[in-house]
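Dear colleague,

My notes on it follow directly after.

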Amino acid sequence: MIKIVLAFILSANLTVKAQEINIIPKPVSANLLPGEFGVSSNVTIVYENKELISSAQFLQTYLNTFYKINLKISHTSSASPMIQLSLFPAKKNIKGNQVPRYSLNIQQNSILLEGSSSEAVFNGVQTIIQLLPTKNGPIRISCIKVNDEPRFQYRGLHLDVGRHFMPVDFIKKYIDYIALHKMNYFHWHLTEDQGWRIEIKKYPGLTEIGAWRNGTIIGPYPGSGNDKTKHGGFYTQEEIKEIVKYAEDRFVTIVPEIEMPGHGSAAIAAYPELSCFPQEPTINYFPKNCEWYGDSTGKQVQQTWGVFDDVFCAGKENTFNFLENVLDEVIALFPGKYIHVGGDECPKDNWKRCPNCQKRIKDNKLKDEQELQSYFIRRIQKYLKSKDKILIGWDEILEGGLAPKAIVMSWQGEVGGITAAKAKHNVIMTPGDYCYLNNSQSENEDSIDIDGYLPLEKVYGYEPIPAALHEKQEKFILGAQGSIWTEYMKNTSIVEYMIFPRLSALSEVLWSSKEKRNWNDFEKRLQFQFKRYGLWKTNYSKAYFDLKASILPTENYNGILWKVETRQPGTQINFITHTAGNTGETKFIDGKKYVSPVLVNRNMIIAAIGLVNGKTIGNPVYQTFRFNKATGKKITLVNESSKNYPGDGAFTLVNGIQNEKGLSRSKEFLGFSGTDCIATIDLGKEDIISNVIVHCLRQTDSWIWRPLTIEVFVSANGTDFIPIGLTDDFNVKLKGLETGTMKVEFAANNVRYIKVVAKNWGEIPAGNPGAGMKAWLFVDEIEIQPPTP
């Protein structure tokens, strides 16, 4: 019997109906008809084909769980009102795969759901569910005709259980969430440096040792300490079989991921011989700015996040014997055709100094360690092929040459996907800027994310097929997935909070045609979807209801303007301010009514909240402004910032906002990939200054390096500049976030124009994440200060 792992009790004393079409994802066509169909205990669910029984049971259980209506299921037609499930012949799409197409016809006395396959019928059941009302009472559904099919064949959601283990019941609930959104792949990230989560009977040490770490850093990397708490867990093979069956009943295919050749610290802790250097303790690879807890001898499971040099040895045959034996047991558990092997973030430093790896390079006439990585992946791909499995890897598997028939999962933007598609390899897109759902949904709350800000509307605006591909190359884009990395998600409630409502937006991106998608229309349907989240008792983010604040320059560059907007009609906005000298506490309800942008021309804390009928909605939006001589002034840049981190343009650097949240407030930064930040500030008139402070970020695990140097130039006319000071000294402002300042001091000067050059670090040094790649430079504010009195 199918079990939905959710509960909600509805009383049955009112008649309820759903009159509008609030289906997410939006179907190919949907037309309302006159009349309604009543759902009550005298309705029978009829499945004409035996393979449709799981769809019938899913609908039966959903109605019983959430509406307390128990419908009968039958294999034969009924004289009573019925919901009939049946199959019709499938058509073919351009890729030669059967399209899971369904049609739904709801009349006053019956519902007919037909599909090209059992999967198609199951998708149609989700549409019936979405047509159900979410209020109390007997259920009535508006009559309607729907014809529908998905745009992409791969519509996935990923979950990392390596950083934080998630229980079996939640994994089932997660699969339900996937199915309820007409998505069909669950990418299960099962192994990591911080924990091995799958039982392998041939290697019991993987779960006896590798599944447990002695402690975890506290807060954002590098952390403010260590929680000194043992964390871990793993799934037995019997539990995995149970989960696989649960997913199959919902037409969700599980893609297991076993990381290699990097991210293998947990496996190496259990079996040190898998390392290039078994005698070197893990503590040697542990960042010095993080705190370790417990035994530090020998190989250990990692206690912090990031990328580590202690990877699987590519020069030992024992490594491949081990991985092939592991894969044999994984293949026996997961019937899907895909096996994900990671392949990402594998430092090469150990391989460079490992005699076994160097011998492998020489014996196989490989050019370098990049080609050794390609050798590694090709060898695993060949083994998987012998088992009738297809290898998937992150886009780093492109390094040194791509293994035949391998599928690239593109996470570092679109480049990897474009390269693979042009080489006629299949691609699954999951670029971090659009699909990493561990990013914050709100700019107005303390964030639990690791890598920036990703609002709902940006997810909805994502187009999986890159513009750089021509029509014949587009067919290699199988689809896309949302990805959840759990470094900062210690419990399942946080995971739910991070995926909703963005999962609903992504489901429409992957199901509905590009032409059908419309943000304004989606917003209207989303209001009903919020009610459905309530029905499911899901802990969803309400960031959608937040006020949106923006900072604008004034026309005369004298101060700044704080503008606040709401997307909810009928919302009153109240704001309060706090400046030096304020005493007491001001409540929003007693604040001023917002009418127009607020002029800010001194140090100030300002906050606002939306009120509907006197009750607050969403999170409060607040901002601390710190003024200096550059604030609000005219500014120009020589080099444009990256399109991925544009902030609010050059004005970002003089808007009075000093970042205090790291990348969780990525909008407060301008990001430069491999280039310098060169800014010229016009003070409007000559003024006496004696120092310049540049606020920036150092987060090397994300390839973000602080400026190599800061140099200041001054000019009286804006054309002829002379150098006045330089520094390479970086001072950390907030430990753990690694936000910092670089201050250039000089003799007092009376000037109007100041040029500030923040020099990019250049190529990332060896031994660091992204070694050999261009460093990112993140700058959030430039201060210009007068002499100290």
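Helix H11 itself covers residues 415-422, and its buried members are Gly 416, Gly 417, Ile 418, Ala 420 and Ala 421. Just after H11, Lys 424 adopts a positive phi of about 65°. Please bear in mind throughout that this is a predicted model.

The six are Ile 494, Val 495, Glu 496, Tyr 497, Met 498 and Ile 499. Glu 496, an acidic residue, is thus listed among the buried residues of H15. The partners against which these buried residues pack are strand S9 (154-160), helix H3 (168-180) and helix H16 (502-511).

Backbone geometry

Most residues other than glycine have a negative phi, and most peptide bonds are trans.

Lys 68 has a phi near 55°, a positive value in a residue other than glycine. Lys 68 sits in the loop between helix H1 (53-67) and strand S4 (72-74), and is partly exposed, its relative accessible area being 49%. Lys 405 likewise is not a glycine, yet has a positive phi of about 65°. With a relative accessibility of 67%, Lys 405 counts as exposed.

Where are the cis peptide bonds that I noted? One runs from Tyr 221 to Pro 222, with omega near 5°. Pro 222 belongs to the loop between strand S13 (212-213) and strand S14 (231-232). Another cis peptide bond joins Met 260 and Pro 261, where omega is about -10°. Pro 261 is placed in the loop between strand S15 (253-260) and helix H6 (265-270).

Cysteines

How many disulfides does the model contain? With a disulfide taken as a pair of cysteine sulfur atoms within 2.5 Å, the count comes to zero. Cys 357 is in no disulfide, and the nearest cysteine sulfur, that of Cys 354, is 3.7 Å away. Cys 357 is buried, with a relative accessible area of 0%. As for Cys 677, the closest cysteine sulfur is in Cys 696, and the 10 Å between the two sulfurs is too far for a bond. Cys 677 is also buried, at a relative accessible area of 2%.

An exposed lysine in a strand

Lys 685 lies in strand S31, which comprises residues 677-697. Is Lys 685 buried or exposed? Its relative accessible area is 58%, and Lys 685 is therefore exposed. Leaving aside neighbours within four places in sequence, Lys 685 is in contact with Val 751 and Arg 752. Lys 685 and Arg 752 are 67 residues apart in sequence, whereas their C-alpha atoms are 5.2 Å apart in space.

The chain as a whole

The protein chain contains 17 helices and 36 strands. Its radius of gyration is 29 Å, which agrees with the value near 28 Å that a compact globule of 789 residues would have. Along its principal axes, the C-alpha trace spans about 95 × 75 × 50 Å. Of the 789 residues, 59% are buried.

Among contacts between residues at least 6 apart in sequence, 74% join residues at least 24 apart. The chain exposes about 31300 Å², of which carbon and sulfur atoms supply 49%. There are 89 positive and 85 negative charges, and their mean positions are 5 Å apart.

With kind regards

Notes:
Residues numbered from 1 in each chain as written. Predicted model: local features only at pLDDT ≥ 70, side-chain atom pairs only at ≥ 80, totals over all residues. Heavy atoms only, no water. Helix = DSSP H or I, 4+ residues; strand = E, 2+ residues; numbered from the N terminus. Rg over C-alpha atoms; globule rule 2.2 N^0.38 Å. Buried < 20%, exposed > 50% of the residue type's maximum accessible area, 1.4 Å probe, protein only. Contact = heavy atoms within 4.5 Å. Areas by Shrake-Rupley, 256 points an atom, 1.4 Å probe, with all protein chains shown as cover. Charge placed at Lys NZ, Arg CZ, Asp CG, Glu CD.
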